[in-house]
Amino acid sequence: MNVCIVGTGYVGLVSAACFAEMGNNIFCVDVNPNVVEKLRKGEVHIFEPGLAAIVKRNNEQGRLHFTTDLGEGLNEADVVFVAVGTPCGSDGTCDLSFVEAVAREIGQKMTTPKIVVDKSTVPVGTADRVRTLIAEELDKRGESIDFDVVSNPEFLKEGDAVNDFMKPDRVIVGTENEQSAQTLKTLYAPFARSREKLIVMGTRSAEMTKYAANCMLATKISFINEVANICERVGANVSDVRAGIGSDSRIGYSFIYPGVGYGGSCFPKDVKALIGTAQEYGYDAKLIRSVDEVNNAQKHVLSTKILDYYEPQGGVEGKVLALWGIAFKANTDDIREASAIEVIKDLTAKGMKIRAFDPEANERAREEIGHIENLEIMDDQDAVLEGADALAVVTDWNQFRNPDLDNLKAKLNAPLVFDGRNLYQPEEMGKAGFAYFSIGRLP
Ligand code: UGA
């Protein structure tokens with residue numbers, strides 16, 4: 001099948017690469033000429049495990065094409081995916097101007113029937129809006145060419161996106177048109193072999209499914225974080241509680257790891273957007289508002305523990321903290337809404353010096369937060385420890401899971417660890433002579 005994909009960010013590029021891998025001919029469009037130039041040479045501008053190899057292979061075999069010209073991509077394809085950014089403000093309102101601009105351009109340039117697929121996460125009702133904009137542009141040209149707008153939300157996790165695309169739990173296709181549903185079934189057949197994996201529904205239900213899924217997952221995280229905070233106060237251990245409740249198959253073990261709150265480009269924005277959509281329609285989404293509130297507070301739990309620890313010693317001013325992990329989670333270089341940023345801001349504002357290390361996110365961190373006073377970003381996991389007064393672990397990278405405790409003790413000024421991801425066991429840390437603070441577990 002010939003497919004055009006507009007936007008070569010995480011979602012667009014992963015979709016393009018995986019569709020090409022299944023023998024489709026893919027035309028990727030991006031407004032950024034530097035990105036297009038790099039991709040033509042097979043150089044991938046984002047960090048996503050496994051992606052570069054697939055892009056390179058399909059480039060070489062001629063199934064992946066890159067252009068800045070939407071008209072060129074459109075000419076070749078019957079199906080056009082819109083996977084451009086939808087930046088959202090802190091109030092949850094999303095900027096749909098990129099999606100709308102692409103819709104208008106499609107209306108201006110299409111010459112044959114198209115199925116336009118919304119892949120970006122967009123508020124409920126956006127497919128209808130895209131339909132209106134394309135129709136308006138066709139009207140201006142005095143053309144009547146058939147088109148349909150389908151909602152096909154993505155459920156990729158950063159760091160595991162290729163795997164999620166290749167082996168999806170489900171593929172949601174939102175359309176009222178039987179022909180469009182059939183075309184997408186054909187396109188997705190290699191990924192969703194069993195037909196129950198491909199679920200067809202109305203466009204608004206498909207758009208809502210995306211928000212409901214992310215809000216449900218965010219709710220699980222805020223729930224366990226709240227339970228962890230109560231555990232600490234009543235003398236319970238949240239890891240035991242997690243095992244105890246997760247064994248109930250109705251609850252399950254996944255997404256109930258307590259920590260420093262969820263971050264990233266999806267949960268925080270989608271939670272706020274659904275609250276905003278509900279409000280727009282006159283409904284107060286109380287539970288989802290609380291999920292957001294609990295998460296905002298959770299991002300400060302680790303820094304509060306550190307401040308409380310040093311309070312009796314005259315505060316954190318002049319103290320040096322080694323910090324492992326800046327990315328919002330492991331296996332990504334993404335620091336959007338990362339909890340580490342809040343931890344860093346809280347502590348540096350009080351005069352603490354932070355030496356931070358991340359296996360992949362250092363470069364991004366230097367660009368985004370490198371200006372923060374008292375913060376130094378270093379490229380060596382071991383070097384940040386040298387002469388620091390304590391270690392704080394903020395991201396759950398595998399390489400932080402099993403440190404050499406003797407080395408840790410030798411390098412730090414004091415055997416003191418604040419663990420925002422519960423990577424270590426309190427008893428073992430105690431035995432090894434560390435003062436150890438984690439989330440929802442007593443030292
Ligand atoms: C999330 C969803 O998991 C994907 O299904 C969805 O497609 C994607 O958003 C999206 O809407 O595009 P992602 O943001 O990449 O994916 O990351 P997650 O692995 O879901 O983690 C989100 C945050 O929750 C991270 O900060 C992570 O550390 C935190 N988390 C996750 C916890 O604190 N506890 C958990 O048990 C799980």
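H9 passes H11 in a left-handed crossing (the near helix is turned anticlockwise from the far one by less than a right angle). This is a predicted model: local features need pLDDT of at least 70, side-chain atom pairs count only at pLDDT 80 or more, and totals for chains, interfaces and linings use all residues. Residues are numbered from 1 along each chain as its sequence is written. Helices (H or I, at least four residues) and strands (E, at least two) are DSSP runs, numbered from the N terminus.

The axes of H9 (residues 203-234) and H11 (residues 267-280) come within 9 Å and cross at roughly 115°. That makes H9 roughly perpendicular to H11 (65 to 115 degrees). Axes are lines fitted to C-alpha atoms, for helices over the stretch in contact, with angles from 0 to 180 degrees between N-to-C directions. Among the H9 residues at the contact are Tyr211 and Leu217; H11 brings Phe267 and Leu274, among others.

Six strands form an open parallel sheet, ordered S11-S10-S9-S12-S13-S14 (pairing needs at least two DSSP bridges). S11 (375-377) and S14 (435-437) stand at the edges with a single partner strand each, so one side of each lacks a neighbour in the sheet. The twist averages 20° from one strand to the next. S13 (residues 416-419) and S14 share 3 bridges; one of the pairs is Leu416 with Ala435.

| Helix | Strands crossed | Angle |

Key: Parallel < 35°, antiparallel > 145°, perpendicular 65-115°, else oblique. Contact = placed C-beta atoms within 7 Å.
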